[in-house]
Amino acid sequence: MNLNIWKKSVENIEKEMALKYFKLSEFESPDLPGVNNMCPKFLKKLDKARAIAGIPFFITSAYRSPQHNLDVGGVQDSAHTLIPCKAVDIACDNSINRQKIIGALAEVGLTRRLGIAKSFIHTDDSPKTDAIWLY
Ligand SMILES: [Zn+2]
């Protein structure tokens, strides 16, 4: 695929998804630029949660290639590696924003699987067991 056709297809996917707050590039594995492995329905929910929260969602990790997952020390069967990917980490380092983010995720039904760290919140909607964990 030549570069212009590729750019066009990324633009079309973005237009189709009509995400208000995110670019698809925010969800790429750093070693696979231009490759979107995210679940569109999951991204729509996340976009809605971002609107509800009313604060920026800075995505620190989303889809990870198996190699990138190894590089960042992710667990072997990480939800970040599943395709279509329904997992993100959202930067968050204070209690007020943590409440805004988790409250908004709850409103869109994305609190089945939550991981809470001092500096980020993980959410995923993978088929794995419902759970809330700490890092
Ligand atoms: Zn995560």
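Setting aside residues up to four places away in sequence, Ile 90 touches Phe 57, Phe 58, Ile 59, Ile 101, Phe 120 and Ile 121. Keep in mind as you look around that this is a predicted model.

**The nonpolar core**

Ile 90 belongs to the largest nonpolar core, a group of 24 residues. Ile 90 is listed among the members with the most contacts inside this core, together with Met 38, Ala 49, Ala 62, Ile 101, Leu 105 and Ile 121. Four elements each supply at least two residues of the core: helix H2 (40–53), strand E2 (87–91), helix H4 (95–107) and strand E4 (120–124). Of these, H2 gives the most, with five residues.

**The overall layout**

Now step back to the whole protein. You can find four helices and five strands in it. The protein has 135 residues, and 29% of them count as buried. Among contacts between residues at least 6 apart in sequence, 60% join residues at least 24 apart.

**Two helices that cross**

Two packed helices are described by the angle between their axes and the distance between the axes. For H2 and H4, the axes come within 8 Å and cross at roughly 130°. The two helices are therefore oblique to each other. H2 passes H4 in a right-handed crossing. On the H2 side, the contact is made by Ala 49, Ile 52 and Ala 53. On the H4 side, Lys 100, Ile 101, Ala 104, Leu 105 and Glu 107 take part. Sorted by class, this contact has six nonpolar, no polar and two charged residues.

Which residue lies in strand E2? One answer is Val 88. Val 88 is buried, because 27 other C-beta atoms lie within 10 Å, and the cut-off for buried is 20 or more. Leaving aside neighbours within four places in sequence, Val 88 is in contact with Leu 46, Ile 59, Ser 61, Ala 62 and Thr 123.

Ala 117 sits in the loop between strand E3 (113–116) and E4. With 14 other C-beta atoms within 10 Å, Ala 117 is partly exposed.

Is Pro 127 buried or exposed? Pro 127 lies in the loop between E4 and strand E5 (131–134). It counts as exposed, because 9 C-beta neighbours are found inside 10 Å and the cut-off for exposed is 12 or fewer.

Each of these residues can also be paired with a partner elsewhere in the sequence. The table gives the separation along the chain and the C-alpha to C-alpha distance.

| Pair | Apart in sequence | C-alpha to C-alpha distance |
|---|---|---|
| Val 88 and His 122 | 34 residues | 5.7 Å |
| Ala 117 and Asp 89 | 28 residues | 9.7 Å |
| Pro 127 and Arg 112 | 15 residues | 9.9 Å |

**A cis peptide bond**

Here is one last detail to look for. Most residues other than glycine have a negative phi, and most peptide bonds are trans. What kind of peptide bond joins Ile 83 and Pro 84? It is a cis bond, with omega about 0°. To find it in the structure, go to the loop between helix H3 (66–71) and E2, where Pro 84 is found.

Notes. Residues numbered from 1 in each chain as written. Predicted model: local features only at pLDDT ≥ 70, side-chain atom pairs only at ≥ 80, totals over all residues. Core = buried A, V, L, I, M, F, W, Y, C linked by C-beta atoms within 7 Å. Contact = placed C-beta atoms within 7 Å. Axes fitted to C-alpha atoms, helices over the stretch in contact; angles between N-to-C directions. Parallel < 35°, antiparallel > 145°, perpendicular 65-115°, else oblique. Left-handed = near helix turned anticlockwise from the far one by under 90°. Nonpolar A, V, L, I, M, F, W, Y, C, P; charged D, E, K, R; others polar.
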